4 protein chains.
Amino acid sequence: MGYNLRLLISCPDKKGLIAAISSFVAMHDGNILSADQYVSERESGGTFFMRLEIEGEGFGLERGEFGGAFAPLARKHGMDWRVSYTDTPKRMAILVSRHDHCLMDLLWRWDSGELEAEIPLVISNHPDLAARVEAYGIPFHHLPVGPETKAEQESEVLDLLAKYGVDLIVLARYMQILSPKFVGAYPDKIINIHHSFLPAFAGADPYRRAHERGVKTIGATAHYVTEELDAGPIIHQDVAHVTHRDTVEDLVLLGREVERRVLARAVRWHLQDRILVDNGRTVVFE
Amino acid sequence: MGYNLRLLISCPDKKGLIAAISSFVAMHDGNILSADQYVSERESGGTFFMRLEIEGEGFGLERGEFGGAFAPLARKHGMDWRVSYTDTPKRMAILVSRHDHCLMDLLWRWDSGELEAEIPLVISNHPDLAARVEAYGIPFHHLPVGPETKAEQESEVLDLLAKYGVDLIVLARYMQILSPKFVGAYPDKIINIHHSFLPAFAGADPYRRAHERGVKTIGATAHYVTEELDAGPIIHQDVAHVTHRDTVEDLVLLGREVERRVLARAVRWHLQDRILVDNGRTVVFE
Amino acid sequence: MGYNLRLLISCPDKKGLIAAISSFVAMHDGNILSADQYVSERESGGTFFMRLEIEGEGFGLERGEFGGAFAPLARKHGMDWRVSYTDTPKRMAILVSRHDHCLMDLLWRWDSGELEAEIPLVISNHPDLAARVEAYGIPFHHLPVGPETKAEQESEVLDLLAKYGVDLIVLARYMQILSPKFVGAYPDKIINIHHSFLPAFAGADPYRRAHERGVKTIGATAHYVTEELDAGPIIHQDVAHVTHRDTVEDLVLLGREVERRVLARAVRWHLQDRILVDNGRTVVFE
Amino acid sequence: MGYNLRLLISCPDKKGLIAAISSFVAMHDGNILSADQYVSERESGGTFFMRLEIEGEGFGLERGEFGGAFAPLARKHGMDWRVSYTDTPKRMAILVSRHDHCLMDLLWRWDSGELEAEIPLVISNHPDLAARVEAYGIPFHHLPVGPETKAEQESEVLDLLAKYGVDLIVLARYMQILSPKFVGAYPDKIINIHHSFLPAFAGADPYRRAHERGVKTIGATAHYVTEELDAGPIIHQDVAHVTHRDTVEDLVLLGREVERRVLARAVRWHLQDRILVDNGRTVVFE
């Protein structure tokens, strides 16, 4: 079975980086299937970002060899880099409370082959969705949380994530704020769906507040979670048009459609290694 | 030449309003071309909104007679109402600073017959756009404004608006904040275009702030101007998708397209008497 | 429990129809919750369409009485009309082949309370989706079809639909062409989802043909089924943007998202009695 | 003043192309500002497409030298290629009949600095728009056409285009069909705006036909002109939603907005050398 490598690089910009990187690949007989590149300009100088997808077949470097072979080039140019292999899908955990629309949509897409991931577990602070998750053959963990057990529950969640070797956490309407410790353990690896077009209506109850303000569009935002609530790097956003006739309940219903679409796209991009983070903003190589 | 009446009504909701109003029209041999109705629910009870378009030909009430004939019904139900005639277009003034995209778009649409209005004048605090406006045969008034002449200049603007009998003021990127006195003189008759999807990035420089936040959509909002800056009833909003590659300048350029589209639609709806204001929110009978 | 009436009317246009209808309602103490009206102009004269939603509580006509009371008015104006009650949901059958995305989306929405319907059965010409349907507690009927058993299978389908008292049939990617007899038995009661923005790519394999043509948008169309293939009245359409990078498989994947969104909205509108058919085109009172 | 080079390449796909090209640039001290790449898969083997934007300052090859230096590499890999310099804008002619919305929009954008082009002339078969064009300081040529003078008029148009050294022709609603000779003289250099989402409603009068069919979206398509009418490579498409209330005239009005937006974007991409043609389809490096 064929597989590809995905190589993600960022480093200070300078002349000759593409030549250096692509020559390295060519030297090892690699076939570049796609190449994306971007330079982010800042006063302190540019930052170079690159994503390469390289055919595994015929490539001269074995998995164990790649790091050693690439290290001198990486060191020379001060690169942050990572490589992944398409036959080793990421391990994704989904955290959810009671709203099931994002969860069910992700499970259906996963089951349809749309998401390159393994889903070793779903965790919820409510028991309601156990049967729906288990119908997909995925273990469901109910870890209730109360005002006094918040820290303890979070520890249990972290233990489970570690135990199952999770490398992507999706908050599919998980109505709990994560501690800095939790967030710090998974930098740029926790995706949240916020039910408004951030930065509008950051915080709680966005549909009610959107209705009160009388907006004519509602939206949803998928973003990486950082310590500051609802302020992490935005991955994707979309909106739907609404009218004066739409009640708060209508906004919730319409919003569900936007939320699941936006979240699914962000998750797919992450699983395909299309996202880099540039100083609080995302670079998305669609 | 044919003309229509447009009757806009709001009043406390109760049974039988549609029957009462449509029977009044039928009694005077009126042909209803379109009827829109909406009830806004609030804890204190519902409010009824209605828009009727009635064929002028064959209608039994002359212009001078309508008010007297309708008054008893209006009084009985506590109606706020107004009637307009399609052969008496509204008189619209455009206020602009230096950015000409919204202005030129409105002028072109007006010239193409898309906007049912007369434009007796354009006012600007800069002289730059005089030739472009005068090419359309519209008088251009340059009223410069400085830190010490703000109140004085505003008085001159108000004098001009009164002199020309203006009943709609469009702020087509007019970078001046209007005083409460000015706003109070034209309630729900001043339309502003804000270059963001409010309430996000209210205030100045929204494209720069959107870029810094790394949003994936930008937008524009047309709203009625109220005393509180950028908080008036929203008439229309739309967005455009952007990526990490878009610079602030790209956002400005893309945003111009959204701004002019959103503003034009809001102005057209206002000119067609399609908008009512319901407690800080608009009811738009598209 | 409260319920509403929904009254749909079409008839030749003339003066006074709204007054006549709304006065009838008022006379029987009906509270009109929403009223929509439209006149379709044709050379042969206009046609009047109206949809009223009337509060059941306090309305003076019992279910059994409405027809008799309304008949004289209907006869006088030559009305086609029907009334439905929101506490008597429609009975919807879903027909599906192997693609499950539209089916699963409808079932999930139905289960979430988004669709006002009963679903007494799902019918498929393949056995694959039985478990997924039965997980929602809905009977699944597998009626295979072969080149020689087409007529026979269709008879069985019709028998089942009759037996279960179905009044809406949704073809959720049911890859069989229905006979004129079948179509004639359910006029404006069969909704199909076509995976292109009709009339482009009518017929088979639209995504492949869209890819070959190099279009930059793909779409989906929900329409009522008529004898002529893919030519029935269009209820709803939407599109997604694509690029040269998208393969046929990508179009299929993206298209699934559009298809399910478009179909769900069309079904919801139908279930809420928002759709009338006007000479091959739909009138949709959103 | 700074300038950039834009290098466009297509050739049979093989390993090492990116390395070979970027090494050539690096060898001559070139700074790659952006790089886009795409491989089109076909049964007969892949085709490689690339676009590089290289900073002029510091690049070691003078304008006159580039071709000679690049030729060996190009020959070795069988490349089709072209280079352009951003300080030598393309020379764009606009052809128009009577509808001025696309024309005026292009002129306004050009005047605002949005389009990197010179516009040496506008040609029309009607005299109506002369003043509007000349107000922008652009020569207007009126070349009327009749049933018997079609070939002759086209010759005059071609003469003018040659005389003014035009390298992009924009048909901004030019209601004349060009001869194969004309089309053949400007391969992938004539952009047309068609007022429907092709392939739907190819040919004449699309808005009327869209209305008759009762579609719920209308659209516009910008494409390169080829011999076969309305069948050339599609550059960009977009749509607008419509309802049963929209008359043919409303569709025309709404469509104008889509047409000018779609055309402007296609023209901008062409002027920025972002478009390659791949066997009847476009590759657009946005």
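**View 1. Pro199(D) sits in the loop that runs between β9 (190-194) and α7 (206-213) of chain D.** Keep in mind that this is a predicted model. Look at the link between Leu198(D) and Pro199(D): the peptide bond here is cis. Its omega comes out at about 10°.

**View 2. Now for chain B, where a cis peptide bond joins Leu198(B) and Pro199(B).** Omega for this bond is about 10°. As for where to find it, Pro199(B) belongs to the loop between β9 (190-194) and α7 (206-213) of chain B.

**View 3. Back in chain D, the loop between β9 and α7 also holds Asp205(D).** Asp205(D) isn't a glycine, yet its phi is positive, at about 60°.

**View 4. Over in chain A, Arg173(A) has a positive phi, near 65°.** Arg173(A) is another residue to check by eye, being something other than glycine. You'll find Arg173(A) in the loop between β8 (168-171) and α6 (180-185) of chain A. How does its accessibility look, buried or exposed? Arg173(A) has a relative accessible area of 7%, so it is buried, the cut-off for that being under 20%.

Technical notes. Residues numbered from 1 in each chain as written. Chains lettered and ligands numbered in written order. Predicted model: local features only at pLDDT ≥ 70, side-chain atom pairs only at ≥ 80, totals over all residues. Heavy atoms only, no water. Helix = DSSP H or I, 4+ residues; strand = E, 2+ residues; numbered from the N terminus. Buried < 20%, exposed > 50% of the residue type's maximum accessible area, 1.4 Å probe, protein only.
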